[in-house]
Amino acid sequence: MIGNDQSTPPRPQEVHEAYLILKNSDLFDVKFYLDNNPDVRDAAIDPLMHYLTNGSREGRDPSTKFSTRYYVATYSDVALSGLNPLVHFLRIGALEGRVAVPPPDMTPGILSVGDGLILDETERQWYKAIEKSNLFDAHYYLDCNPDVAAAGHDPLTHYIKNGCHENRDPNKDFHTRYYVATFPDVRETGLNPLYHYITIGQSERRTPRAQGEGFFMLTDEQVDWYKHIRAAGVFDSDFYLLTYPDVASSGLDPLVHYIISGADQDRLPNRSFNPLSYLSSNRDIYFSKTNILYHQFSQSSNTGTNKNPPKVQHFHASENEKLSSGSMVEIARQRMQLSDWEGAAGYWRKILETDKTNLEAHDGLITSLLQSHLLVAAIDALAAAKANLSADGYRHLSSIESQIFSSEPAIGVGQSNALTSSPRTPIRTERLRARLKHSPLFDPIFYTQNRPDNAGFYREALDHYLKWGSVARLPTCSGSTIAKLLGWTTRDYENDTAKFLQSFEDAQREDIIPEEFLKSARIGIFIHTQSNFYMRPIAEHLQAALYAAGAQVAILSELDPHPEAVTIPIVVAPHEFFGFRLPPYFQSQTFAKIYIAFNTEQLPSDWFKECFSDLMAARAVIDVNFQSALILNKSLPTTYCLPAVRTNHWPDYISDADPSHDQLNILDPKIIGQFGLRPDFEERPLDVFFAGFATSHRDTTLVRAAAYLASKKSYLAYGKKSSTAKVQTEQTMSVFANNLALCGLSKIVLNIHRFSIGYFEWERMVAQGFLARSCVITTPSLPSPFFTPGVHYLEVPGRHVSPALRWLLDSEEGKATAKQFAAASSDVMQHSLTPVRVGRHLLSFLASLPELS
């Protein structure tokens, strides 16, 4: 509708006055109106009244002397006045010298349009210039825009009025969206894009379309990247086409390809930008959808480090250079002059040769690419690649395809041999995605480079891990990363320790744990029946601590009949619990939402790699290691817990001991006769006790000390680790009690770490050495907030274990010091690290967790 489109109809008096004005004017020709509007004539409607109430709104003309559409389009205040256009002209317009009809040279098409498409004076100038240029293809426009054809619009008028703002193209060689995005000044001028090209752009040799196809596939955000990357001059199209012949043969605009998929495939945008180096120092890019090249120069601009980023040095291939893909890569190699090109070229060629395999291997993760027609070209590329592959190569490719399209993920290097893997539930995936973005233990570059399928792109590492890696329990970071993180925990250790100990003391206040929480919380400590037998004592110590603090708590397994009654399930060693067969409830969304993980593993170990995804997906984590608790707490709620032992309950701890066990048949019967006792330090029959599986680090330490150990009464339970985990049986459970009983008969309990990086080990140092009131010697350990080396135990390098033993066992000063160490550690166990205090700290942590929605 045009004209007086009022929100309320005119009053009868106004209509009557307007009627009289038109009736007395020669600008309203009744015969003309009826001849040109047969519907009005056939309906026997008063033509004057029809024009006043409907005709003017519909753009109908009252005579040849007045053009309703032209008048309304030319003078915008007419519509705002609310007056009928002809009435407005007769009352106001004529007196002001306004024109009632278009000039004779105006193209008829401008007026012969559907509802509302009327050009103003400026737009009419554009119309003439565009029509004269022959750059507007009316047939093309109507074929591509059937809605315009159906509405009966004049195509050029529609393009000027609406089409250019809707990114419609006036011909096959002019891309409106591309032109406006590539040359921002076009929008600033306010000119129609095609008119701008005709009058300005063409003479300045501006390109009216992308270098290749595909620009239409870009989202608005990607168009913005395209515009800025082009303007900054940081993308080298010639280099890109030479380096990647598949792009050249696709006909796609190289920058369009780079934005849609090339960046996600880690392709090089120019010969000077190293995406791997930039990714390693800008972690946020991994988890965003921002184009890496756009991110690089925009960040430089924002920080002021590169306000005028230098444009890359482009190069152009001559006709003689435009040969096969092999020669193109060779030309690029020569021009790039990179010292490591040979290694890089192999990687990039591999991507080119297995393009479709790489794309499909992501199982739809690169959705923007898989939803485009590029996939068709990729499938064709695979077919061509197969035709040229050797028999061995074809078998390899086929094996990859079989893994890609199988219903289950392919087993990769490092996957657990457990019967099942961690369940995938929406809450688990949601938590993993949110937390891995902030976890320093997830390194997308390392993860991608170490994937078993030897394929993939860094930007999709998180999606791949969520879908496959977390199930197969693939490693997520390197040993050097772990070493750096552990080093980070030492930088502010005193402050972190003070904060933890303060929270530990705060938890001892009577009002810190809500009474309602204690009444409603039903805590279950879950260990799998197939778990290593060492997990049982941890569960028992946790239960004792929580029970002493007033909690309702029980030790349960996957076989207990009503696990759903537990409101706070604590899963000890989640990599083992979720790694074996489980009833449906433990694989449900409900359980995934509420379980707390108790981590028993050290960061450098293979077991930590196994449990990483289970820790990150938990509601919260309780960690037996202080340093890994600090690191995990950067991503999810985590607290440190060193399970307390009850030093005055010695008989209870050794109740399962079995003096007839095979491990004790080498001992002197006199020693067996004291089995279960905990004599004073000087009266103990054994000098040194150590139990552990063989590692190279332990081998070196024990070999150095072998001569002295052989001269003393030493008990060393040392050998190769069993290929299968020792599950909880009556026999295996007696091993823990037997070792503890032997510690009670030993002056020195020796702790040698499995790795060069040593944790404060709860089992050997606390649950054996301190509980037995022995003196503990350990190779260097990461510290614990509760115990101090040189006060509660002796810490020496592996090469000094032998002289340390000589001093403690053979000198009077050393013997006195050994007794002081034993007494000091026992004092901590009796007064500071008691079960009730540990239990209250745990309950305080659990009560502080956010409510589950």
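**Exercise 1. Cavities**

Find how many cavities of 30 Å³ or more the structure holds, and describe the lining of the largest cavity.

*Solution.* Step 1: In this predicted model, the count of cavities of 30 Å³ or more is 4.

Step 1: Helix α36 (residues 606-616) supplies the largest share of the lining, 3 residues.

**Exercise 2. The buried face of α43**

Determine which residues of helix α43 (residues 801-810) are buried, where they lie around the helix, and what they pack against.

*Solution.* Step 1: Buried means under 20% relative accessible area. In α43 this applies to Val801, Ser802, Ala804, Leu805, Leu808 and Leu809.

Step 1: Viewed down the axis of α43, the buried residues lie within an arc of 160°, so they line one face of the helix.

**Exercise 3. The contact of α40 with α43**

State the packing angle of α40 and α43, and list the residues in contact.

*Solution.* Step 1: The two helices pack at an angle of about 35°, and their axes are 8 Å apart.

Step 1: From α40, the contact involves Thr701, Arg704, Ala705, Tyr708 and Leu709. From α43, Val801, Ser802, Leu805, Arg806, Leu809 and Asp810 take part.

Step 2: By class, the contact has 6 nonpolar, 2 polar and 3 charged residues.

Key:
Residues are numbered from 1 along each chain as its sequence is written. This is a predicted model: local features need pLDDT of at least 70, side-chain atom pairs count only at pLDDT 80 or more; totals for chains, interfaces and linings use all residues. Side-chain values use heavy atoms; hydrogens and water are left out. Buried means under 20% relative accessible area, exposed over 50%, partly exposed in between (1.4 Å probe, protein chains only). Helices (H or I, at least four residues) and strands (E, at least two) are DSSP runs, numbered from the N terminus. The arc is that of the directions from the helix axis to the C-beta atoms. Contact means heavy atoms within 4.5 Å. On a 1 Å grid over the protein atoms alone, a cavity is a set of points where a 1.4 Å probe fits but cannot get out, and a pocket is an open set with protein on both sides within 12 Å along at least five of seven lines; lining residues have an atom within 4 Å of a point. Grid points are joined across faces, edges and corners, and a volume is the space filled by probe spheres set on the points. Axes are lines fitted to C-alpha atoms, for helices over the stretch in contact, and angles run from 0 to 180 degrees between N-to-C directions. Ala, Val, Leu, Ile, Met, Phe, Trp, Tyr, Cys and Pro count as nonpolar, Asp, Glu, Lys and Arg as charged, and the others, Gly among them, as polar.
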